[in-house]
Amino acid sequence: MNRNIERIMGMKDSGSGITSSPLIINGEYKFKDEPLASIVKRLENYYNVNIHLDDKRLEKIRYTGTFSLDQDILDVFRIIDYEKQFTFKRVKKDIFITSK
């Protein structure tokens, strides 16, 4: 299981070969240069939760990474938030993400 996350900002697919198409292979969710808004939607579907982003700027931050789908969703957010840009709190089936 690769817990490495790399934040990519301002990178566009201008012949770089990087796409934003996530994959689920062998129980892992893999994504390249994908905005947090898109990652959140997929995590909502997989974990059957509602995720609320309080700041539109968070939606545009792009990430590349791999997660094991057997990880708890809060562990996933701890890994994504390696730069400590936001806080998150779970209340039943809702997860609230707020900017710092």
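Of the 23 residues in the largest nonpolar core, Leu43, Ile51, Ile73, Phe77 and Ile80 touch the most other members. This is a predicted model: local features need pLDDT of at least 70, side-chain atom pairs count only at pLDDT 80 or more, and totals for chains, interfaces and linings use all residues. Residues are numbered from 1 along each chain as its sequence is written, and side-chain values use heavy atoms, with hydrogens and water left out.

User: What makes a set of residues a nonpolar core?
Analyst: The members are buried Ala, Val, Leu, Ile, Met, Phe, Trp, Tyr and Cys residues, joined through side-chain atoms within 4.5 Å. Here, E3, H1, E5, H3 and strand E7 (94-99) each supply at least two residues. H3 gives the largest share, 6 residues.

User: How do you know that the span of helix H1 agrees with its number of residues?
Analyst: The expected span is 1.5 Å times one less than the number of residues. H1 has 12 residues (36-47), so it should span 16 Å; its end C-alpha atoms are 16 Å apart, which agrees.

User: Which residues of H1 are called buried?
Analyst: Leu36, Ile39, Val40, Leu43, Glu44 and Tyr47. Buried means under 20% relative accessible area, exposed over 50%, partly exposed in between (1.4 Å probe, protein chains only).

User: Why are they said to be on the same side of H1?
Analyst: They cover an arc of only 140° around the axis, so they lie on the same side of H1. The arc is taken from the directions from the helix axis to the C-beta atoms. On the other side of H1, Lys41 and Asn45 are exposed.

Terms used: Helices (H or I, at least four residues) and strands (E, at least two) are DSSP runs, numbered from the N terminus.
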